[in-house]
Amino acid sequence: MVMSEKAPITMPPKAAMRNTPTVSEATLTNGDKISEKCYSKETESLHIDLEKEIDVEAQTQHLTQRKPKLFASTRYAILTLYRRLFTLVFSANVAMFVYVMSTEQKVLALVNAIAANLLACGLARQPLVVNAIFVLVCSMPRSAPLPLRRIAAKVYHYGGVHSGCGVAALVWYVGFVGVLSHQYWRPSADGLDDGLSAAPVALAYVILFLLLAIIVVAHPAFRMKRHDYFELTHRFSGWLLVILFVALLLVFSKSASQAIGQPLGTFLVELPAFWFLMFTVAAIVQPWLFLRKVAVRAEPLSTHATRLHFDHAITTFGKGIQLAKHPLRDWHGFATFPDPAPAGVHGNPSFSSLVSKAGDWTTETIQNPPTHLWKRGVLIYGFAYAMRVFKRVIVVTTGSGIGPCLSFLGDDNRPALRVIWQTRAPRRTYGDSVMSLVHKMDSTPIILDTDKCGRMNMVPIILQQIKDFQAEAVCVISNPVLTTRIVYELEARGTPAFGPIFDS
């Protein structure tokens, strides 16, 4: 880890603990009291003081009624950091594209720009690069000013660079295809297009089709509804696109080198696009060199969830793993957390991933526990790692979102945590072992059993806990809709709040 010294996990002041609302004392935003049955003895999650009733709604009324910041919807809902990064990268490329198209050396400049954007696009998803980005940005000490740490914690929006470069590559490539087509139909007098046949032009249009397909399926509307199709199309079309572009570059370079009387090898070595593509190929291949079929021990928790134990590697705070039942089919990412004691298949220190029923793959995994699964690349840092820059964090989650939250256990130097977890029958669904880990994160978590009190608006409780726990930030891990809503409501009122986005 970046920090070598272990800081003690501080607990909130006693006064704050006394004022911490229990589940049975919480209220809905409409003023209705939640009955005492919402507190389940099976959770043993809170200090209960039934002699003193606390009206959470009265305590948080001034907070919930605070007016959102000026232009809050524009800043936090429309112009998110992800979109700002996308806009910055794309706008810079468009400005450069306009300049290049006004010069005489269009073809070489276009080829270099395409290759550069493909490289940046690939590196933004390369596990080693992603880990380096997280470690570098999140190495900011907790003594740094809070505004700087808030910016650093947004590191998981780096996907805006990936998508910005991807769409920019399309712009550059359309320009390249246009110039190439013009040279094919109307040869210029400089001789650079001598011998240009129909084959490279046809190949250029095939690549254009693949690039368009990759960008279309990457649109959030398609990606969310047809994720498996998105993943397969994105992966295999991306591989094919890079291979064909390398082939097109060789054909083009041969023609260009002959036109200027230069050996092909020398021309390629001096061409930046060639090296950009070589690094792109290396970035794509590297994770697959670590493709392994690893042993897994499944621990059934209920008909809704199972816990998978691995011992092929050692995990740390905020890391995730990519798993598949077939290496060329759909891959699924899961957060990891260390097991309390060596429990691996070979007796080595092990780690776990919590799998909850959310689709065909997870349902099959729960019903037919696997003994082996495929993994690729290295364990990769995810959204949760960004929370390490804060001193005190409120973790808000629902249902199986507790799985990613448990990744906080991978670091003794983690922030002080207050857990607010809304789920149905927590102990029956996730078992004693998971409940024990939740209490390891927070000795007095707020656990709302929806079987007993129904679903409720957690924002008033969150706001009160921000005040009582003296939290610097709120981490929200739930379904996309609820995560987006809670993060917006908090950020619009000036509270640092963070949650995974569709491309994090």
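Predicted model: local features only at pLDDT ≥ 70, side-chain atom pairs only at ≥ 80, totals over all residues.
Which residues make the nonpolar surface patch of about 860 Å²?

## Nonpolar surface patch

The patch consists of Leu128, Val269, Trp275, Met278, Phe279, Val281, Val285, Leu289, Phe290 and Val378. Residues are numbered from 1 along each chain as its sequence is written, and side-chain values use heavy atoms, without hydrogens and water.

Helix H13 (residues 272-289) contributes most to the patch, with six residues; helices are DSSP runs of at least four residues, strands of at least two. Val285 belongs to helix H13 and counts as partly exposed because its relative accessibility is 39%, between the limits for buried (under 20%) and exposed (over 50%).

## Parallel sheet

Five strands form an open sheet in the order E12-E11-E10-E13-E14, with parallel pairing. The edges are strand E12 (446-449) and strand E14 (497-498), each pairing on one side only. Pairing requires at least two DSSP bridges. Strand E11 (residues 416-423) is joined to E12 by four bridges, and Gln422 has Leu448 in E12 as its bridge partner.

## Helices across the sheet

Helix H16 (residues 426-441) lies across E11 and E12, at about 170° to E11. Helix H19 (residues 480-491) lies across strand E10 (392-398), strand E13 (473-477) and E14, at about 165° to E13. Angles run from 0 to 180 degrees between N-to-C directions of axes fitted to C-alpha atoms, for helices over the stretch in contact (heavy atoms within 4.5 Å).

Note on methods. Patch = residues over 30% accessible without salt bridge, like charges linked within 9 Å, V, L, I, M, F, W, Y side chains within 5 Å. Areas by Shrake-Rupley, 256 points an atom, 1.4 Å probe, with all protein chains shown as cover. Salt bridge = Lys/Arg side-chain N within 4 Å of Asp/Glu carboxyl O. Buried < 20%, exposed > 50% of the residue type's maximum accessible area, 1.4 Å probe, protein only.
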